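Work through the exercises below with the sequence and the structure in view. Try each task before reading its solution.

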Amino acid sequence: MFVRIDNTPRDYAWGSTTAIADLLGRTPSGGPEAELWLGAHPASPSAIVDPEQTGGARTLTEWIERDPARALGAAAPPRLPYLLKVLAAAAPLSLQAHPSSEQALAGFNRENAAGIELDAPNRDYKDPFHKPEMLLALRDGFEALCGFRGLSSALADIGTLTSAAQEASALRELHRRLIMQADAEQVLRGVVGWLLGGGDQVDQLVAVATDAARAIVAGGAGTPGIRTVVLLADAYPGDPGVVLSLLLNRVSLRRGEALYLPAGNIHAYLSGLGVELMAASDNVLRGGLTPKYIDVPELLRVLEFTPLPAPYLHAGHPAPGLSVFRPDVADFCLTELDARAAEDAGSRLMLGGAAIVLCTSGSARLTGAQGTAPITRGEAFFVTPDEASLAVTGDATLFVAMPNR
């Protein structure tokens, strides 16, 4: 069964005013359009374009609640495990991390027992689920911070800033803290806790680092890490996350490249247009670049402090026209489907459960085991698992989200 779905983009302040509309051939709203959600998350469930198909249910969430066996399959849990988004960032998002399944369940139960309301500003865990996510760039130059980088590269940038600073004692203190132990994880844990704890010393450090970075960039120099300091200081002046960014990998994705951000990975999207796919959860632990609540002790418990390379997720190519991104979780995988190449080769995409198909260019016809539907740029369909596999004809670029089975 092919059920057409749609939604209204979320109007977060950091969103682009044109990127989602340009991609999908829609009329811009005139305000920021940050994320288009396609899924059954209760915060913004997709609308069903023709409710007659679903017995009158007007949203995907409502239909799944009414008839989970039809929507998701008789053997599947009665919950869509993933959320597909188109994300368009015109300004940096907050630094954040997400919990593991065990951490989410424990935290959710703990806060319930403490009587913290679900919508309370100091609530960390809105549900008992983990929230790993992946991001695939739709254009060159999707910019992000993701995970802790090696201390040597961070210290090199800090040394450059120290040389450019008029009064460098605050930067020397940061350097001292980063070399005071041999264990990188313990060093990073201590420095992140110190930075997010704030205070006069941290305020001075942010101001000095910002001034030094501005001077370097104004002179036409600066590494990506130093340029990030300027970018973040412009967006969030005085925020400790400005300096914390020096400890993180800075990544610039080309079209078609993807990142995978598992539990505990600290990250922030800085700018760009992409397809984001994640487990369907609202659990976010913030770490700076935001006026919202930051629970420093809980964030430090959740974060993975091991320095690692940027977490690229590379596609497999099981058949012509299919680029499949499979993370190490069962909740989701993402396929980019070139309809023309798939049609020429007779490729079929096997479905691992209920799927969502989004068309970002061209048009095509989708054919499964039970039905068929035309799809064109800007449209999305929810596909029930009894369709089993998809064949396509046409010239579309399609993105298909489904469970990772």
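This is a predicted model: local features need pLDDT of at least 70, side-chain atom pairs count only at pLDDT 80 or more; totals for chains, interfaces and linings use all residues.

**Exercise 1.** Find which residues lie closest to the centre of the second largest pocket, and which elements supply its lining.

*Solution.* 
Step 1. The lining consists of 16 residues, and those closest to the centre are Ala-40, His-41, Pro-42, Arg-79 and Ala-280.
Step 2. Two elements, α2 (60-66) and β4, each supply at least two lining residues.
Step 3. Of the elements, α2 gives the most, with 3 residues.
Step 4. Sorted by type, the lining has 9 nonpolar, 2 polar and 5 charged residues.

**Exercise 2.** Describe the largest pocket: how much space lies in it, and what lines it?

*Solution.* 
Step 1. The space in the largest pocket comes to about 930 Å³.
Step 2. Its lining is made of 42 residues, and Tyr-12, Gln-96, Val-284, Arg-286 and Lys-292 lie nearest the centre.
Step 3. At least two lining residues come from each of the strands β2 (35-38), β4 (82-89), β10 (267-279) and β11 (285-286).
Step 4. The most is given by β10, with 5 residues.
Step 5. By type, 22 of the lining residues are nonpolar, 6 are polar and 14 are charged.

**Exercise 3.** Characterise how helix α8 and helix α9 pass each other: at what angle do their axes cross, and is the crossing left-handed or right-handed?

*Solution.* 
Step 1. Helix α8 covers residues 200-218 and helix α9 covers residues 224-235.
Step 2. Their axes come within 9 Å and cross at roughly 115°.
Step 3. The crossing of α8 past α9 is left-handed.
Step 4. On the α8 side, the contact is made by Ala-209, Thr-210, Ala-213, Arg-214, Ile-216 and Val-217. On the α9 side, Ile-226, Arg-227, Val-229, Val-230, Ala-233 and Asp-234 take part.
Step 5. The residues of this contact divide into 8 nonpolar, 1 polar and 3 charged.

**Exercise 4.** Place Val-49 in the chain, then state which residues it is in contact with beyond its neighbours in sequence.

*Solution.* 
Step 1. Val-49 sits in the loop between β3 (47-48) and α2.
Step 2. Val-49 has 44% relative accessibility, so it counts as partly exposed; that class lies between the limits of 20% and 50%.
Step 3. With neighbours within four places in sequence left aside, Val-49 is in contact with Arg-4, Ile-5 and Asp-6.
Step 4. Val-49 and Phe-381 are 332 residues apart in sequence, yet their C-alpha atoms are 9.6 Å apart in space.

Note on methods:
Residues are numbered from 1 along each chain as its sequence is written. Side-chain values use heavy atoms; hydrogens and water are left out. On a 1 Å grid over the protein atoms alone, a cavity is a set of points where a 1.4 Å probe fits but cannot get out, and a pocket is an open set with protein on both sides within 12 Å along at least five of seven lines; lining residues have an atom within 4 Å of a point. Grid points are joined across faces, edges and corners, and a volume is the space filled by probe spheres set on the points. Helices (H or I, at least four residues) and strands (E, at least two) are DSSP runs, numbered from the N terminus. Ala, Val, Leu, Ile, Met, Phe, Trp, Tyr, Cys and Pro count as nonpolar, Asp, Glu, Lys and Arg as charged, and the others, Gly among them, as polar. Buried means under 20% relative accessible area, exposed over 50%, partly exposed in between (1.4 Å probe, protein chains only). Contact means heavy atoms within 4.5 Å. Axes are lines fitted to C-alpha atoms, for helices over the stretch in contact, and angles run from 0 to 180 degrees between N-to-C directions. A crossing is left-handed if the near helix is turned anticlockwise from the far one by less than a right angle, and right-handed if clockwise.
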